[in-house]
Structures are given as C-alpha cells and as structure tokens.
2 protein chains.
Amino acid sequence: MKKTYLLTPGPTPLPPEICEALSRPIIHHRTPQFQAVLKEVAENLKGAFQTKNDVFVLTSSGTGAMEASVVNLLSWGDKALVIQAGKFGERWTELCQAYGIKPIVIDVEWGKSLDPQVLKETLSKEPAVKAVFTTLCETSTGVTSDIKAFGQVVRETEAVLVVDAISGLGAIDLQMDAWGVDVVVSGSQKGFMLPPGLAFLAVSKKAWKLVEESKCPKYYFDLKKAKKAYDKTDTPFTPAIGIVIALNEALRIMKAEGFENIFARHKKLADATRAAMVAMGLELFSSDAASDAVTAVRVPAGIDGEKLVKTMRDEYGVTIAGGQGEMKGKLLRIAHMGYISEFDIILGIACLEKVLKKMGYAFELGAGVKAAQEVLIK
Amino acid sequence: MKKTYLLTPGPTPLPPEICEALSRPIIHHRTPQFQAVLKEVAENLKGAFQTKNDVFVLTSSGTGAMEASVVNLLSWGDKALVIQAGKFGERWTELCQAYGIKPIVIDVEWGKSLDPQVLKETLSKEPAVKAVFTTLCETSTGVTSDIKAFGQVVRETEAVLVVDAISGLGAIDLQMDAWGVDVVVSGSQKGFMLPPGLAFLAVSKKAWKLVEESKCPKYYFDLKKAKKAYDKTDTPFTPAIGIVIALNEALRIMKAEGFENIFARHKKLADATRAAMVAMGLELFSSDAASDAVTAVRVPAGIDGEKLVKTMRDEYGVTIAGGQGEMKGKLLRIAHMGYISEFDIILGIACLEKVLKKMGYAFELGAGVKAAQEVLIK
C-alpha cells in the first residue's frame, strides 16, 4: 500500500466534491443549463477577484491568460515594464519579446521582493511604459510581491498594472479594485482547487481602453471576442465544460468558507510551515515577503535536493516540489495552498524529517512537527 | 424524472470509464507517473491519427490548435488557400486574416463538398500558396471533404495540406501519412469521447520545414516549445492533467475496439440516421459526401426549427443541434459520433418523430425508427 499526498504549488489536491463534479455526464455548452452555471461562475469569480470588472474564463493553462494580457493590451513596438523576480516573472519578459514589445526589465534577486520605491523611480524615468507586469506569488521563489504598494505607484501613471496571480489568488489577499490593479490573471489548479485547464482574466476600465487600441495579432485569446460572448453568457469557443462546472462548485465552497477565513487559514499553515523549517535548521529562501501559498527553503549543504524530493515522492508518496530554473536542486518548495488542512502540513513535515534524517542531515527528529503544532494550536 | 441524452456534434457523451478517470485524485505533471501516461498517449495518438509524426497535445479548445497551425506554418504577408464550406471553414479565413496572412478563399456552397479538380486548378494558378486549409467534417453542414483527393493534389505542390479534423477524427477515416496530409488538428470532445479542453496537432516533415521558417508571433501555441518538451515526454506548460489521463483511457478503449470497427460503426449509424430522415420525408442537407459523424437535415416548411430543438431538449431531455451561421433555424443536426450506440440513434429518432408529430408535421409515426432498424439489423 502506498497512499499519496500532494503538497505542490500547482496542481493542488481536489476536494471530493470537485472530483464528483468532474465525473458527471457532460452537458452541451450552448444550453440554458450551462448558461446558469456560467452566470453563477461569473458572479462568484468577481468575489474571488475582489472586483466589479468582468472576469473572463479561458480554456488554457495560466500562461494562455498571461499571453492574452500581453496581446490584448499592447502593440508591436510598445514599451512595457517587467518586474522579474523568478521564473514566472521571466515569462512576462519572454511573452513581451515574442510579440515585439520592448520589455524594460527590473531584475529582482531570486528570493527577494521589489521595493515599490524602485518601481516608482523606474516608471518616472520611463513615461512611455504602457503596462507593468508583475507576479503576486512567485512560485519559483516563494515570495509575495507588495501588490498594494505597486498599485499605489502605477495608478498615478498612464500605465496599467498587470498581475500574474495564477499562484496565490484565492489563497492570499489581492484586492483588485481597492488596490488599483488593472488586470489580474489566474488559473484553476492552485487556490481554486481544480485540475489545470482553465485560466481567468479580469480587466479594469483603464485597461479596456488599451484593449480597444491594441494591434497585436490574436484570435483564440482575443478579449473582444471573449467580451462579446461574455455579454451573452456564452464563451467564444467550446470551453472546458467539465472544469467550468467544477469551478462553480469550487467557488461555492470558497464562498461558504469566506475569503477572509481562507486567507487566515493559509497564513496559519504558512506560519506553521516556516516555523517547522526554522526548527529543523533549514534556511528560508524568502526571509522577507515570504508567501503564504508556498514555502521555499534551501536544501542544506551535503544533501542532494533532487534525490530528497524523489525519495519523498517515490518511497513515501508525499510530493513536494524542488527548485526551478537557476535554483534547480537547491530548493525545496512545500505548498500550503488550496485544499490543504493543518494535518496535511504535519504529515508533509514528518515525511521531510524522515527522509532528511535518513539522508544524514543532523537535526532533532520531531522538531519540525513540534514547531508546526505549536503554531497550529494557537 | 427526466433522463437526458446527448446527440450533439461536440461535446459527445462520456463513457463511464472516462467519467471515472476524470474523478481521480489529481497527480503532478512533472512526475514519472504522469510521464508514463504522456508516453502511452503519444504512442496511441499516432494510431488514431494514422501517422508516424509527433502528435502534440495542447490545452485549449480545438480552435487553439487551428491557430497553432496558422501561426507556426506561416508569416505575415504569406498566401494561403482556404476551402470554406461552412462555419468552420470560415474560421480558417478569420485566423489567417488575424495574422496578416492573405487567404485565397474557395467558397463552397453550404451543404456541398469541393471538387478536387477545382482545388487543383486554383493551386496551379496560385503557386505562391504555402498552405491549404480545409475541414474533414464540416460540422455546420454535415459534409465530409474528400481529403484523400485533396492530398493527391497538394502533395504535388510546394504547399502543405492542413486539415481541421476536430470533428470527425477517431470517427471517420483520415489516413494522415498515406493520404499525404501535412497537419491534422483535432479536439478532445468529439470522436475521442472526452470533455472539451484538449486539442491535438500532428505535423509532417514537410510542414515542420515551414515551422522552422515561420515568423508569426507566438508563445503559448509555439510548436518549437511543444516539440522541445515532447522530446522529453513533457509539456511546455501545465497541461489539463485530468483530461490527459482520461485521454489515455479513451485511446485504450478505441484501440481495443479497433479503428476499422469504429469507422464501420459510425458508417452504420449514419446510414441508419439518413434512412430514417428520408423515411420521415425530411430532406438531407448534404446529399453528396454526407458525413458519417453528423447528419444535417433541413427543417421542414411550416416548422419552427429552433422550437423543435428546444422542445426535444427541455421537454424530453434529448439534445440535438440546430443550424449555425447562415443556416440558423433552418437545420437539424443529429450527431452519431463517439460513445453512441445504435439504440441511442433509435431513441433520438423516436424523440424527433414525437415532437415533429406534435408540431403538426405530416408523416407516418414510426417510419423513421423502422427505417433505421432495417439498416441496423443488416
């Protein structure tokens, strides 16, 4: 017998209600029955995005909605500013380059978050910038950006603020309207507790003006097409019907728990995980602005990070993530995002302790679990 | 009690094995467990596409893979030829226009299929054409194109032949390699008996040369990225994991039945449906080249076509499709594609008879069912 547990920053585990919803017989998408689902989804997504703007549902990975932001807001030759603090920040740069948009890149050291003052200074020197691209939770480093402060800076300019919240939305606070965020992008397989396959995209009025001017070529990701269909409670192309129906269930579950409670739960799980790591003598990768969605720690000296992740997964059934990009083999990333309870975190820490101990890392067995429990009992 | 039945040309009904696969706990996509699935899927998709070429799996609607064909094969200013015989043919034209490609459109009357001789003549007059775009089964009209003959014409030229087989693949015969087709596009929610959310795309060596030269901007649908990942049994972005796992099951089911048997089953169901329509005095929309995936008939004079479809669905639980585009309200489309048995067809015809009779259309009740049974007992 091997029981498996998923503690990765996407996909995240599915609640049984979601598994059930996914297993239902399929219905046709151009029916009153599916329209009722789309209508409820549209309403509840606004709650999750903390916005009054339309939230479009795309059938793609999260990257598809990132591409939709770039190609609908900008035109060839435009200037954009990219806050690049990890692998997913780099994706904004690559997307801009693919479409002939000139990215001014603010390179942030991996594991750090950008000082909003630097953003302000850069923007004041670059008045032609039309869009600022950033990341809510940089999954590759476990760092959360100060979106509220970025919003205060960008709303004073002509530029729009675009946030990749694929990782983090529905798990940590992002107040689209109150913070002045113009475009928020997310995906189904993280905070929303769904399988991958859907991406979401909310657009402010300020951003919609750019959509109307944009000359980037597009078709599948054309937001004008999406808007035209959305206004008739429809989608421009056949959507991933099954996942949309499951999304409706997920949003009901989230609404019932309440977003304030969800954010508090994630914060507590993150605090417990960070306390456990420190108690085990591991070094947090993101000391300031550590994300409440995923915790990144450095692999201790003398330990093979990739082997550690593989052993946890293949021998004990507990899947966490290793490092990506330049941090490959050097990081462990434990997600506490979505359908994760305090005891899932305990078992994840226990498994990490067991494998670290077997691999010869010196620490007091049980120290991590104890530290987490002390946070969780508060 | 209302029991529901789906006889639409996408989505098509899901076998219980597929519903079960969709309801499983999610697994991470960068694991040996998922790689084993991807490997089996890659192999079995080649069988379904009747090709030795790589078949890429994209997370999108079928239209995403159509866009991928256009943006990976061509560059701004290139000439393409579009065989436009219905709503989905028009999509090729729109896609070309969106990316600055000049489409030479062969407009085929809805309900008809193009004479390959016309294709030959047009191509000989337009030697600069780099790609010919066509549709296997034009779902909006219920017509199948003579792809084998198109292949014979196009293989003699520098151009590549690109077939939208979203509707039809896995239900009717399309021999990619033997017929000289360069790109075949398909989707999950038709012949493959899955929910929508995945698209497939196979590329010949001749077409890959164009991929290497193409200058259309792209990122999410970049086939070079897809190929690089594919060669490592990976995907460039988080795929719709759940549907990929279900695809693996669907391909196993299809392989077990055998593609020859699948095509024969679809032909028999189509023959039965067409015989039923004729016996009820209804006029087939596509008299020549009628598709074995979906049957289109004209709404008889004096009958409200949209009301007919709504009544079947909302009062009796049997969903068929009406007309699209210029044929809205004027057509009925009954699909016999995917997980459809002979008795599903019988019940669909029985429901159509019941509603037509109640709406005052004059015919002998039972004539359609009887005609279908006579075909099916052979």
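A crossing of two helices is called left-handed if the near helix is turned anticlockwise from the far one by less than a right angle, and right-handed if clockwise. Keep that in mind, we'll need it in a moment.

Quick housekeeping. This is a predicted model, where local features need pLDDT of at least 70, side-chain atom pairs count only at pLDDT 80 or more, and totals for chains, interfaces and linings use all residues. Residues are numbered from 1 along each chain as its sequence is written, with chains lettered from A and ligands numbered from 1 in the order in which they are written.

Okay, chain B. Helices here are DSSP runs, H or I, of at least four residues, numbered from the N terminus. Look at H12(B), residues 342-358, and H13(B), residues 367-376: they pack at about 165 degrees with axes 9 Å apart. (Axes are lines fitted to C-alpha atoms over the stretch in contact, and angles run from 0 to 180 degrees between N-to-C directions.) That makes the pair H12(B) and H13(B) roughly antiparallel, a label for angles over 145 degrees. And here's our definition at work: H12(B) passes H13(B) in a right-handed crossing.

Who touches whom? In contact means C-beta atoms, placed from the backbone, within 7 Å. H12(B) brings residues including Ile345(B), Ile349(B) and Glu353(B), while H13(B) brings, among them, Val369(B) and Ala372(B).

Now chain A. Helices H13(A), residues 342-358, and H14(A), residues 367-376, come within 9 Å and cross at roughly 165 degrees. They're therefore roughly antiparallel, and H13(A) passes H14(A) in a right-handed crossing.

Note on methods. Helices (H or I, at least four residues) and strands (E, at least two) are DSSP runs, numbered from the N terminus. Angles under 35 degrees count as roughly parallel, over 145 as roughly antiparallel, 65 to 115 as roughly perpendicular and the rest as oblique. Two residues are in contact if their C-beta atoms, placed from the backbone, lie within 7 Å.
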